[in-house]
Amino acid sequence: MDDTSRQLFEKACQLIPGGVNSPVRACHNVDSLPLFIAEAHGCHLKDVDGREYIDFVLSWGPMILGHDDTDVTAAVRAAAGRGTSYGAPCPDEVALAEAVIAALPSLEMVRMVNSGTEATMSALRLARGVTGRNKVLKFVGCYHGHADPFLAAAGSGVATFSIPGTPGVPEAVVADTLLAPYNDLEAVQECFKRHGEELAAVIVEPVAANMGLVLPEAGFLEGLRSLTSQYGSLLIFDEVITGFRAAFGGAQARFGIDPDLTTFGKIIGGGLPVGAFGGKRCYMEQVAPKGAVYQAGTLSGNPLAMAAGLATLGKLARQDYSALETRTRSFAEALRDILQEKGVPIQMPTLASMFCPYFSEKPVRNFDDAKGCNHALFTSFYKQMRAQGIYLAPSGYETGMVSFVHSEEDFSRALEAAHKVSF
Ligand code: KE4
């Protein structure tokens, strides 16, 4: 690591907890120090020491069109010239709501917020308000932002009850959070047998991208849909990552599932702070001020963020997602083959423009499997790739992301770097 990043990080550590404004950026999982980024264009980052990287993190998902996209940047610049926040409705809020609803048939209404955390927190409150029930079922290894109810760790042997996953979360809050292993429909059925009448919602990442990349096994999502309908619970699809990435219509379009509520973030803001939750009109009309379930936000619907989101979705509507999936799969399979030839155990699941190198002898189908991977090998891989200008997510529990502007040259350079890695 060069001097300027190190100097900035040392100063940041005096002023900001851990020197970062979001923990994973600290690169603790890969025994590294964070790079401070000066600018980004296309799929390339330049750090404050002038070094360039090919970016496979894409700000954790939003930058699917690449950084500094001409249309998105122009839209933000134009919006900035009209003022940065009104605290009142603006035309682009209506236009972005219309664009999101048009893209996902399960949506009849949507509310804009400022982050994925706000979106999932609000969706859960709505589900609880609509059903009059308190319990929520989530899956071990799925991340839905840092609202208290979701920061639950597996509790007693009972397997379904939770304990706080972090200091500061009251036991009383997570007492209503049930946990089940991802892809384990039997465990979900057991949860419903015991607590079905108390369950307000099941919340799931339809493709789990916070324990690496774990794909839903055949029947899993369909089973969740069937059980929630049977017991009168709401099915919440957390599409903060998969929305407009798994397909233009999200994972729900890809897998043909009709959730009751969907949460968004990342891509719908085009890199500016936007989240959203939406769903059937009968539910969404229970959100204040139309209904009684309270939710609010000073900067919700911010005109710059709306302009960035609109420009992004407008461009994505014209993109060839199938071609991007093919390019991503081809790159990931070539990367897998290179690593296999080095004699390390490697799995390389892909879906759409996402990929994940698991250093594991067996496929990863849940969080226990993800924990069982060889994270020391991942750390070595991460460090050697970064030293060659390839910027991967600094954790074996994150997912690699490809944009529409990654070129064959970018893929070739990443593969050349992988050839030079030694374990
Ligand atoms: P934000 O509050 O960070 O905008 O969104 C929370 C969230 C909700 N749901 C899913 C499925 C998510 O993946 C996220 C946030 N994703 C992480 C990366 N996997 C954000 C990175 C970070 O925490 O810095």
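Which residues of strand β2 lie on its covered face, and which on the uncovered one? L45 and D47 are on the covered face of β2 (residues 44–47), while H44 and K46 are on the uncovered face. In a regular strand the side chains alternate between the two faces of the sheet.

This is a predicted model, in which local features need pLDDT of at least 70, side-chain atom pairs count only at pLDDT 80 or more, and totals for chains, interfaces and linings use all residues. Residues are numbered from 1 along each chain as its sequence is written, and side-chain values use heavy atoms, with hydrogens and water left out.

Helices (H or I, at least four residues) and strands (E, at least two) are DSSP runs, numbered from the N terminus. Two strands pair if DSSP finds at least two bridges between them. β1 and β2 run antiparallel and are joined by 4 bridges.

H44 has I54 of β3 as its bridge partner. This hairpin has 4 residues between its strands, and G50 in the turn has a positive phi of about 85°.

**A second sheet**

Three strands form an open sheet in the order β13-β14-β16, with antiparallel pairing. β13 (350–351) and β16 (400–401) stand at the edges with a single partner strand each, so one side of each is left without a neighbour in the sheet. β14 (residues 354–355) is joined to β16 by 2 bridges. F355 has G400 as its bridge partner in β16.

**The ligand site**

The ligand is surrounded by 16 residues, and the closest are S22, T117, N210, D238 and E398. A residue counts as near if one of its heavy atoms lies within 4 Å of the molecule. The shell has 5 nonpolar, 7 polar and 4 charged residues. Ala, Val, Leu, Ile, Met, Phe, Trp, Tyr, Cys and Pro count as nonpolar, Asp, Glu, Lys and Arg as charged, and the others, Gly among them, as polar. Domain 1 (3–65 + 320–420) and domain 2 (70–316) each give at least three residues to this shell. Domain bounds come from an automatic or database domain assignment.

The table gives polar contacts, which are pairs of N or O atoms within 3.5 Å.

| Residue | Protein atom | Ligand atom | Distance |
|---|---|---|---|
| G116 | backbone N or O | oxygen | 2.9 Å |
| N210 | polar side-chain atom | nitrogen | 2.5 Å |
| E398 | side-chain N or O | nitrogen | 2.8 Å |

Taken alone, the ligand exposes 540 Å², and the protein buries 85% of that. Accessible areas come from the Shrake-Rupley method with a 1.4 Å probe.

**Backbone details in loops**

Most residues other than glycine have a negative phi, and most peptide bonds are trans. D31 has a positive phi near 50°. D31 sits in the loop between α1 (3–15) and β1 (37–41). A352 has a positive phi of about 55° and lies in the loop between β13 and β14.

Buried means under 20% relative accessible area, exposed over 50%, and partly exposed in between. D31 is exposed at 59%. A352 is buried at 6%.

The peptide bond from A288 to P289 is cis, with omega near 5°. P289 is in the loop between α9 (281–284) and α10 (303–316).

Conventions
A polar contact is a pair of N or O atoms within 3.5 Å; within protein, one must be able to donate a hydrogen and the other to accept it, and residues adjacent in sequence count only if both atoms are side-chain atoms. Buried means under 20% relative accessible area, exposed over 50%, partly exposed in between (1.4 Å probe, protein chains only).
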